[in-house]
Each structure stands twice: as C-alpha cells, then as structure tokens.
Amino acid sequence: MATSFADREVARFRRDVRRWLGTAAPRFAVPADATEERELDLRRAWEREVHRAGFSCLSWRMEHGGRGLGPIEEFVFSEECAEAGAPEGLGRVGRLLAGPAIFGHGDARLRDRFLPRIVEGVDIWCQGFSEPSAGSDLAAVRTTAQREAGCYRVVGRKLWTSFAHYADLCLLLARTSPSEDRHDGLTMLCLPMRQAGVSVRRVRQITGRSEFAEILFEGAEVPVEQRIGDEGGGWAIAMSVLGSERGAGFAALALKTMGDDLRVLRHCVPQGELDSDLGPGTRFQLLRWQAMRAIETTAGGRDALASTSILKLVWSELVQEIVRRGFESGCREHEARWRDRLLDARETTIASGTSEIQRTIIGDRVLGLPR
Amino acid sequence: MKDIEGRSAATASAIGREAVDAFSRLLRDRTSSVPLGDEYFSRDRGPLWSELAAAGWTCVADGPRPGADGDFGLLELASLAEQWGRTLVPLPLVETIAVRRWMASRPPPDRRLSYALVSAEDEHLVPFADRIDAVGAVRDGEIRCVQPPVPAGWDLFAPSMPIGLARGPGGLSVPARIDVAILTTATAVGAAASALEAAVGYAKLRRQFGRPIGSFQAVKHRLADMHARVEMSRSALAWACADRMSSGRATRAALALSLRTAEDAVQVHGGIAYSWEGPAHWPLRHVMAVRRIVLAAIASAL
C-alpha cells in the first residue's frame with residue numbers, strides 16, 4: 001500500500017490500470033442514446049468486469065475480499081477511469097458505505113455473507129438514512145424496527161434514496177426503541193429489498209428525470225442476524241459512514257464529473273477566464289491537490305480531519321459555479337446540457353450534509369468553536 | 001494527468017514534518033512574549049537570527065549542487081516558510097534560504113541574504129534591504145553574493161517585510177525566481193493561517209448578546225470558509241511545488257485566497273481590528289506586500 005503519490009509503486013499501478021482500461025473501457029461505454037435499461041445493464045456489467053480484472057474494492061483488506069491497497073490506489077483508479085471515460089458502476093453504496101460499515105462494525109457471519117457479493121458486484125445497495133422529517137437532522141429518524149422473535153419488523157418511509165429501484169439491499173437506519181436521547185435508540189440493519197412490505201416509488205426530480213426514490217416499509221422483515229453492531233448502536237455507525245461519504249473517495253467521483261463539465265465549458269468561454277487566479281479551472285486543480293493531500297494524510301495514518309472536512313463543501317460549490325458559468329455563457333451548442341446540469345447540480349450542496357451543515361461541522365469540530 | 005513517472009508527493013515527508021514541528025515550536029517560544037504591534041516589529045531580532053543560523057535553519061535548502069534538493073525538497077521548504085510567515089518577524093530568512101538554494105559556493109550560515117527583483121517599473125525590489133549583508137545575483141552564469149544596491153526609496157507598507165526600491169545591478173535566474181515566488185507565497189499562506197487562528201481565538205472569547213460570537217452561525221460559517229481557503233492555499237503550494245510550469249497560476253491563486261482570509265479576519269475581530277493597535281491588519285499587510293514581490297518574481301519567469 002502506497003503512502004505517497006511519489007511512491008514508485010503508484011506509477012506502476014497507474015500503468016497497469018491504464019493498460020487494462022485501454023481495452024476494457026470502450027466496450028462498456030454508455031451510448032448517448034441508450035435506453036435506461038441498456039445503461040443499467042452496462043453499468044452492472046462494468047461492475048463485474050472491474051472485479052474480474054481485480055480492481056474492485058482496492059482499499060479493502062484481503063481477508064474482506066479486497067486488494068489490501070490504500071486510498072492512494074483508489075484515487076488513482078478513479079482518476080484513470082475518469083480519463084478513460086469508463087462508466088460508473090452501480091455498486092457505489094456497497095463499496096463505499098455498506099461494506100465499510102459491515103467490516104467495521106459487523107460480526108464474522110455478516111462479513112462472510114455480504115462482503116464477497118459487494119466485491120463481486122453481485123449485490124446493489126442503497127442507503128436508507130434520510131426521511132421526510134429527518135434531513136439535516138438525521139437523529140430525527142422515525143422509521144421503526146420492532147423486534148419480533150427472530151426478526152425486526154420495519155415500518156416507515158425513506159426518501160431521496162439513490163439506486164432504490166434496483167437495489168438488492170438497503171443499509172437502513174431505524175429506531176428500535178424510543179429513548180430519552182434521540183441518538184440512543186437507533187440501529188443499523190441490512191434490509192433485503194425484494195420482499196413484500198417494501199415498495200419503491202420513483203421520485204421525479206427537478207430535472208424531470210426519476211433517478212431516486214421513496215421507499216415505503218409496511219412490515220418488511222430483517223432477520224436479527226442482519227443487524228450491524230449492537231441494537232441502539234446505529235448512530236455511531238451512521239456517523240462513520242457519513243464521514244466516508246464526505247471524504248476523499250467521493251471527492252474523486254466529484255472530480256470526474258467536474259472534469260467532464262470543465263472540458264465542455266472550455267468550448268463555451270474564453271480560456272483565460274477559466275484559468276484566472278480563482279477561476280473554475282484553477283480551483284479544480286486546487287481541489288485535486290486538496291484531495292491528494294487529504295488522501296496522503298489518511299494513507300499515512302495521520303489525522304486527516306482538517307483536510308478532509310472541507311472537501312465536500314468545496315467540490316459541491318465549485319460544481320455549481322462551473323455549471324452556472326456554462327449556462328451564463330449563452331453557448332447555443334451546449335444550451336440544453338447546461339440547463340440540465342444547472343438544475344441537476346442543486347443536489348450537490350444538499351445531499352449527504354448540506355453546505356450549511358458542513359460549515360457548522362468545520363466550525364465545531366475542526367476549529368473548536370462554541371456550539 | 002498525462003504523466004505517469006515522476007509524480008510528486010502532495011504532503012511533506014516525515015522528516016520534513018518533524019522539522020516543521022520543531023521549527024514551529026521554536027518560533028512560538030521565541031515570538032509569543034510580545035503581541036503584534038509597533039514594538040513587535042521594532043525589536044532587536046539579532047539574537048533570534050544568530051540562533052536560527054547556529055541551528056542551521058538558514059541552510060536548510062543547501063543541497064549537493066545549486067537547485068538540487070538537500071535534506072528538504074521544495075514542498076518541505078514551503079512548509080517551513082509557511083511557519084515562518086505565521087510569525088511576521090521582519091528578518092530575511094526565506095530570502096536567504098531561497099537564494100542559498102541556487103548558490104554554488106555557500107557563504108557562512110549567519111549571512112543575511114536577499115535578492116533584487118526587477119519589477120514592471122524597471123525598479124529593483126529588495127526585501128529587507130536595510131538589514132542584509134548581500135544579495136544573490138547571477139554573475140558569470142551562477143548566483144553569487146554581491147554588494148546590496150543602495151535603495152533610492154522604500155515600500156514600508158508591511159512592517160513584516162520592508163522593501164527597498166533600487167536601481168542598478170541585480171538579477172536572479174528563472175528557476176531561482178520561481179522558488180522565490182513559491183516560498184514568499186508560503187509566508188503569505190502562513191500569515192493568513194495565523195490570522196484565522198487569531199480570529200478563531202477571538203471568536204471564542206469575545207461575548208455579545210451574552211454569548212461568545214463564535215457560537216453564532218453567521219460568524220462560525222465565515223470562519224469555516226476561512227479554514228477552507230487556508231487549506232486550499234496549502235494545496236496551491238503543493239501544486240506549485242510539484243508543477244513548476246503552473247507555479248505562476250498556483251501562487252496567484254494562493255495569494256488571492258490568503259488575501260480574502262486576512263480580510264475576513266479583520267471582519268471577525270470587528271471594530272477593534274480597524275484600529276492601528278488591533279492585531280488583524282499586520283497579516284493583511286503582509287499578504288498585500290507579498291503580492292508585489294511574487295508578481296515581480298513570476299512576471300519575468302512564467
């Protein structure tokens with residue numbers, strides 16, 4: 001596992017990835033006119049191809065089915081995929097959130113049962129955290145999981161859930177007991193999505209597309225063995241999961257989208273404008289180096305809170321600035337794209353912790369300001 | 001993203017980090033007794049210079065040959081320069097380090113060195129011109145110590161970096177000018193970081209409406225943005241060190257971020273910062289003065 005981007009093994013790894021992508025990525029490229037089913041098929045197939053080539057879950061330990069590499073290799077892989085125009089798999093929630101929650105907090109049985117299927121790209125996961133009345137205030141979760149003999153019976157509603165309509169499993173945060181402290185009665189469960197008692201309703205977004213959904217639980221069952229950690233211990237797991245959702249792994253994904261936007265934007269505005277002192281092209285580079293600094297710090301086992309805490313805040317706002325600039329450029333050729341992106345990008349500063357929440361976290365936890 | 005070989009590190013080496021920690025502890029110990037203000041800038045810093053020279057801090061960039069890394073690479077030197085910038089002590093430490101890095105024959109460690117940079121007005125900018133022994137200048141194809149030019153005027157805007165304005169011989173090589181730009185920018189990043197630290201300290205203590213002002217979200221979020229800018233300016237330094245061709249863009253970005261942070265530090269301190277005795281305008285002045293040097297350094301280099 002590399003601890004610096006300057007390590008020789010990183011260059012070797014990059015060369016291997018690049019060689020493989022050169023032949024693999026074009027075969028899975030999603031055509032612009034692909035139907036949704038075709039796109040899903042390609043993305044699902046890509047996930048398995050990544051596994052076949054040995055590049056799935058690079059930073060997971062070998063005993064968990066990973067490659068035992070580190071965040072630097074993950075970042076390099078993601079960068080090279082972006083460069084090669086590879087599709088994004090469907091396994092993001094499993095690889096970045098559910099997997100780490102399971103190997104970090106679950107027992108051996110749970111690890112054996114679910115981790116290999118995430119690594120192989122078999123199971124698709126979705127994340128059941130947010131609810132209509134639990135957005136920024138996540139501890140307000142109301143969905144209940146009542147213990148009955150060998151299982152939990154789940155009743156409630158989750159909202160704004162990506163991948164919900166084709167997910168096999170849901171990483172579910174639910175209330176197992178009403179308690180004085182709202183944070184105490186929450187439990188993390190692996191809920192099978194394909195069962196009576198689970199219904200998924202697509203939610204139409206401001207773009208007009210329906211990529212995420214509302215999930216309704218009407219007595220859905222979760223076997224007790226599919227609980228992650230202790231009953232009542234869900235809050236701490238949720239916090240560690242959210243930490244990684246806001247960290248460098250997702251920053252790498254965001255850099256990919258942003259890189260695509262910038263490439264188009266270069267056709268729409270004068271070059272000098274993007275590369276001025278704090279122009280979007282310059283800030284994209286700063287963000288890349290910020291991610292690399294955070295990743296090296298993490299890979300070296302040092303405290304990375306100061307450097308990772310700002311990533312989500314900065315990339316999300318930069319994405320919006322880039323697409324706004326594209327829209328305002330008045331470029332006729334890309335007008336439809338920028339209209340769509342401007343609406344679509346509203347999501348970045350809202351999902352997985354709004355910018356307001358991120359700033360409060362930085363103020364409280366990094367700067368130690370009074371609450 | 002095209003290159004495969006020769007990727008650079010994004011963070012300082014372990015040895016570099018240890019040195020930076022030791023350096024930062026030393027500086028805190030030697031500079032914290034007097035608060036920022038006229039007395040701070042007019043103190044006799046001779047003893048501190050002797051101590052720094054004796055401990056080898058003036059020679060950290062001396063490598064096996066001109067421009068080659070010794071114990072520290074450019075990224076480690078930038079971290080040291082950032083720590084130095086936090087102190088705002090008016091001594092030519094960063095100038096000495098940058099010039100020595102490109103010298104073939106090395107003067108004694110206690111020599112105070114600077115350089116003469118040609119500005120757009122065809123004037124030479126000589127930081128710390130009143131307190132140096134020599135300037136480094138290209139003579140016979142390499143950088144040597146020459147007699148410092150006698151300034152015809154002064155830019156005394158920032159007491160942390162008085163700049164002499166001279167005409168006459170000077171001249172640094174392009175690679176040395178890039179180092180000057182990067183390391184001087186690092187002092188501005190340090191100044192902005194110290195401005196943030198002071199603003200955070202103040203926001204914890206200062207009470208209005210019966211609460212510390214740092215508990216108000218409007219203030220807290222401004223401080224969070226300042227933190228983000230300080231972090232991004234450090235990333236700009238890492239970028240500049242790794243990719244010298246982009247160092248002009250990267251240093252300008254770092255300076256723009258640092259300027260906004262130093263401005264915001266004045267805002268967080270409120271009325272007290274608008275008075276001369278207030279603590280917040282010194283780092284702001286430093287960032288503003290550094291811009292003049294850095295723009296002159298990169299204008300002709302990149």
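Some housekeeping before the tour. Residues are numbered from 1 along each chain as its sequence is written, while chains are lettered from A and ligands numbered from 1 in the order in which they are written. Because the model is predicted, local features need pLDDT of at least 70 and side-chain atom pairs count only at pLDDT 80 or more, whereas totals for chains, interfaces and linings use all residues; side-chain values use heavy atoms, with hydrogens and water left out.

Let's begin where the chains meet. Chain B puts 40 residues into the contact and chain A puts in 44 residues, with contact meaning heavy atoms within 4.5 Å. The size of an interface is often given as the accessible area lost when the parts come together. Here chain B and chain A bury about 3,800 Å² between them, and 61% of that is on carbon and sulfur atoms; buried area is the accessible area (1.4 Å probe) that two parts lose on being put together, summed over both.

How many salt bridges cross this interface? The rule finds six between chain B and chain A, a salt bridge being a side-chain nitrogen of Lys or Arg within 4 Å of a carboxyl oxygen of Asp or Glu. Arg359(A) and Asp225(B) form a salt bridge through their side chains, at 2.7 Å from N to O.

On the chain B side, the elements giving two or more residues are α6 (174–205), α7 (217–242) and α8 (247–269). α7(B) gives the most, with 16 residues. Helices (H or I, at least four residues) and strands (E, at least two) are DSSP runs, numbered from the N terminus. By class, that side of chain B has 18 nonpolar, eight polar and 14 charged residues. Ala, Val, Leu, Ile, Met, Phe, Trp, Tyr, Cys and Pro count as nonpolar, Asp, Glu, Lys and Arg as charged, and the others, Gly among them, as polar.

Now to the sheets of chain B. One is an open, mixed sheet of three strands in the order β1-β4-β5, where strands pair if DSSP finds at least two bridges between them. β1 (113–115) and β5 (142–146) are at the edges with a single partner strand each, so one side of each has no neighbour in the sheet. β1(B) runs parallel to β4 (residues 134–139) over three bridges, and Ser114(B) has Val135(B) as its bridge partner in β4(B).

The other is an open antiparallel sheet of four strands, ordered β2-β3-β7-β6. Inside chain B, four bridges link β3 (residues 124–127) to β7 (residues 163–166), running antiparallel, and Leu125(B) sits opposite Leu165(B).

Over in chain A, β3 (residues 151–162) and β7 (residues 212–223) pair antiparallel over 10 bridges, with Arg157(A) opposite Leu216(A). β7(A) is also joined by six bridges to β6 (residues 198–203), again antiparallel, and Val198(A) has Phe217(A) as its bridge partner.

To finish, the structure holds 59 salt bridges over all chains. One of them joins Arg52(A) and Glu49(A), at 2.9 Å from N to O.
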